[in-house]
Amino acid sequence: MEITFSLDEIQEVAKKILSTPNLKKVITFDALMGVGKTTLIKQLCKSLGVTEATSSPTFSLVNEYQANDNQLVYHFDFYRLKNEIEAMDMGVDDYLYSGNWCFIEWAEKIPSLVPEPHSVVTIELLPNGKRSLELI
């Protein structure tokens with residue numbers, strides 16, 4: 001799936017992503033810093049029924065949220081990781097193989113730990129300020 005959108009359309013984009021057939025519950029988000037990964041993940045959480053405030057887990061590495069149907073949503077930000085051992089030390093496998101939603105920013109820091117299969121969202125900032133999103 002490919003979508004071009006502006007940030008004021010992000011709610012519709014999140015709904016389209018979540019309604020994609022065969023979407024995996026582990027999703028990596030690939031984009032440069034500041035392009036909107038966290039903003040999209042916040043909207044995905046909201047669309048899943050998370051009512052609490054969401055934020056980037058840049059320093060905590062993972063934030064855990066509960067959706068309205070009691071399913072858990074994990075949001076990871078591995079930007080500050082030095083290596084995969086740090087992720088293993090925090091028990092990342094327990095999260096990634098839990099069957100819950102796992103949204104991962106900076107997954108390139110843990111390439112051998114991301115389960116297969118998983119979905120990938122790639123976002124690029126366009127010159128006109130819109131975003132181009134590809135979901136595979």
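A residue is called buried when its relative accessible area is under 20%, exposed when over 50%, and partly exposed in between (1.4 Å probe, protein chains only). Helices (H or I, at least four residues) and strands (E, at least two) are DSSP runs, numbered from the N terminus.

This is a predicted model, in which local features need pLDDT of at least 70 and side-chain atom pairs count only at pLDDT 80 or more, while totals for chains, interfaces and linings use all residues. Residues are numbered from 1 along each chain as its sequence is written, and side-chain values use heavy atoms, with hydrogens and water left out.

An open sheet of seven strands is present, with mixed pairing and the order β1-β7-β6-β2-β5-β4-β3. Its edge strands, β1 and β3, each pair on one side only; two strands pair if DSSP finds at least two bridges between them. Strands β2 and β6 run parallel and are joined by four bridges. Phe29 stands opposite Val121 in β6.

| Helix | Lies across | Angle |
|---|---|---|
| α1 (residues 10-18) | β1, β5, β7 | about 170° to β1 |
| α2 | β2, β3, β4, β5, β6, β7 | about 170° to β5 |

Helix α2 spans residues 37-47, and its buried residues include Lys37, Leu40 and Leu44. Gly49, with a positive phi near 100°, follows α2.

Lys37 is in contact (heavy atoms within 4.5 Å) with residues including Phe29, Glu105 and Trp106, leaving aside its neighbours within four places in sequence. A polar atom of the Lys37 side chain lies 3.3 Å from the backbone oxygen of Leu32.

Definitions and conventions
A polar contact is a pair of N or O atoms within 3.5 Å; within protein, one must be able to donate a hydrogen and the other to accept it, and residues adjacent in sequence count only if both atoms are side-chain atoms. Axes are lines fitted to C-alpha atoms, for helices over the stretch in contact, and angles run from 0 to 180 degrees between N-to-C directions.
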